[in-house]
Amino acid sequence: MLDYLSRANALLPRLRSRAATWDRERRYCHENVSDLVAVGLMGMSIPKAYGGPGLSLAEIVPIVEAVSGACTLTGRILVEGNMGALSAVMAYGTDTQKARAAALVLAGDKPAICITEPGAGSDAQAMVTRATPVPGGWRLDGIKHWITGGGVSKLHLVFAQTRDGIRGFLAEPGPGLRVARLERTMGLCGMPEAELRFENHFVPADMALPEVGFSQLIDAYNTQRVGAATIALGVASEATRLAQAHLTDRQQFGRLLAEFQGLQWMLADMDTELAAARLLVKDAAASADPFPDRTKAARAKLLTSETAVRVVDRALQMHGARGYGGDTPLERMYRDVRMFTIGGGTAQVLRTQIASHVLGRKLPQGRPAVDQIRGADMA
Ligand code: FAD
């Protein structure tokens, strides 16, 4: 049996040839998911005890990078089928919960993580979705929006308020859980981004994650951040490869584009910035135990997402009109990659988190209480 990276590499031509279809038709790539399942790429992080091979984050990252270069959508499925909500369940869940999550993911489910609400974006703890104890379990009520995979995913890790603070619940499609609307996104088309409504949705008692607090739950999200950084890296690396090929093919003024210093230096910057981003991603992935260090994950996502937007933009520019048109994948990559400075912690929120680490103190973002302001004035 081939190692996992070789299995992924063998799939790339097929993934690449279909990528424009999902984008154009805004269709979830079930066919690609079947391919991922067939070669064992869903649930690579699942421990052997639960039926997976138990690969480390550092081993999975190069696979996500390769796949994302061929098809961003499939890269995202790979991340959610190995990181994010799955990491939280595998770290904190009971045996029953781990076995349920593993069975679903190994069969091709891309779990959804449900944190964001209309009134709670960057300020996630302002969420108002409520979990109320009822006989035999919990009742969920609330609205989550921008939920990746909503309507396609079976397993949902839902963050909700309880009397004792925010807890995680594993919900599955059923009465009281519905897709209220789908966003029309700029890129990453084919992946549903849904508003989910929980209305008296019952979660059995054994599907409430053991009592871990919000900060522990969100720690699991650091695997997702490294995953998001890796997708952006994969797309930008592919764009650089396309740029290099174009410069050594297209002629103007009787010379190859590659002979113009203005373009050579753009390419050098792209290559250098990508190499730096790749090192941060590697560093963050290597720190996983089981979750990556939160500052390393934040640095990796911040640098890689912003770098990827610049790199893909330059690659598109180097292609002239061909980059702006639909005959190359660059305009799609440009739309796809733009998301990564927003979803899963915006670039601004990540900067605040890194600054907090550097300054060695919490940096509360809420308006200070009036007496605190008065105290500061008097000091
Ligand atoms: P806001 O929080 O309203 O921020 C608006 C702007 O203000 C941003 O630029 C932000 O950086 C800035 N800002 C806010 N607060 C501060 C501050 N204190 N200092 C400086 N700047 C600040 N969520 C999920 O729960 N599950 C998902 O599966 C999921 N998937 C997503 C997929 C996509 C494609 C996208 C775009 C989003 C997804 N999200 C998901 C939501 C995502 O995590 C949020 O969009 C993100 O946390 C930001 O929240 P917001 O969009 O409400 O922006």
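Residues are numbered from 1 along each chain as its sequence is written. Because the model is predicted, local features need pLDDT of at least 70 and side-chain atom pairs count only at pLDDT 80 or more, while totals for chains, interfaces and linings use all residues.

Let me begin with the ligand. It is surrounded by 21 residues, the closest being Ile115, Gly121, Ser122, Gly343 and Thr346, where a residue counts as near if its C-beta atom, placed from the backbone, lies within 6 Å of the molecule. Two or more residues of this shell come from each of β1 (112-114), β3 (137-148) and α13 (347-359); helices (H or I, at least four residues) and strands (E, at least two) are DSSP runs, numbered from the N terminus. Since domain 2 (112-213) and domain 3 (220-359) both give residues to the shell, the ligand lies between them, with the domain bounds coming from an automatic or database domain assignment.

Next is helix α9 (residues 261-286), whose 26 residues reach 37 Å from first C-alpha to last, close to the 38 Å expected, that is, 1.5 Å times one less than its number of residues.

Finally, consider cysteine 189, in the loop between β6 (177-182) and β7 (193-204). Is cysteine 189 buried or exposed? It is buried, because 20 other C-beta atoms lie within 10 Å, and the cut-offs are 20 or more for buried, 12 or fewer for exposed, and partly exposed in between, with C-beta atoms placed from the backbone. Cysteine 189 and glutamate 31 are 158 residues apart in sequence, yet 15 Å apart in space, C-alpha to C-alpha.
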